[in-house]
Amino acid sequence: SVFELDNSAASAMFYPNPGTGENLFIEMWNLSESTTVIELRVYSVAGQLIENMILSNSGSSHLRTVHEFGQILTPGMYFIQYTLEGRKKEEKLIIK
């Protein structure tokens with residue numbers, strides 16, 4: 001039925017959130033084989049680009065990686081922007 005959950009949709013999870021600002025674990029599921037490079041950008045609340053990440057899933061449907069920030073993020077709220085299967089998405093990241 002049309003009311004069933006779409007378990008085939010690509011999804012992503014970022015943790016720890018709230019985090020310490022040192023690193024970020026990134027996990028993505030249900031990626032299509034045509035997805036090879038995923039770009040993530042971390043912005044401050046002021047809109048300043050803090051970090052740019054390029055991830056590759058090498059044709060796999062699942063991606064799991066850890067990103068160490070170049071400089072430890074100061075406490076506050078950040079936004080992770082990325083495009084997954086052609087859809088732009090944004091997640092909040094809290095640093096304590």
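Residues are classed here as buried under 20% relative accessible area, exposed over 50% and partly exposed in between (1.4 Å probe, protein chains only). The model is predicted, with local features requiring pLDDT of at least 70 and side-chain atom pairs counting only at pLDDT 80 or more, while totals for chains, interfaces and linings use all residues. Residues are numbered from 1 along each chain as its sequence is written, and side-chain values use heavy atoms, without hydrogens and water.

Contacts (heavy atoms within 4.5 Å) of Met28, not counting residues up to four places away in sequence, include Phe14, Ile38, Leu40, Leu55, Leu63, Tyr82 and Leu84.

Two aromatic pairs are present in the structure. Rings of Phe, Tyr and Trp (its six-membered ring) pair if their centres lie within 6.5 Å, and planes under 30 degrees apart count as stacked, over 60 as edge-to-face and the rest as tilted. Phe14 and Tyr82 are arranged edge-to-face, at 5.3 Å centre to centre and 65° between the planes. Because Phe14 belongs to strand β1 (residues 11–15) and Tyr82 to strand β6, this pair ties together parts 68 residues apart in sequence. Both Phe14 and Tyr82 are buried. The rings of Tyr15 and Phe25 are stacked, since their centres are 5.4 Å apart and their planes stand at 5°. Tyr15 in strand β1 and Phe25 in strand β2 are ten residues apart. Tyr15 is partly exposed, at 22% relative accessibility, as is Phe25, at 31%.

Most residues other than glycine have a negative phi, and most peptide bonds are trans. The bond from Tyr15 to Pro16 is cis, with omega near 0°, and a cis peptide bond with omega about 10° joins Asn17 and Pro18. Pro16 is placed in the loop between β1 and β2, and Pro18 lies in the loop between β1 and β2. Asn30, in the loop between β2 and β3, has a positive phi of about 55° and is partly exposed at 35% relative accessibility. Ser58 has a positive phi near 50° and is exposed, with a relative accessible area of 67%.

Definitions and conventions:
Helices (H or I, at least four residues) and strands (E, at least two) are DSSP runs, numbered from the N terminus.
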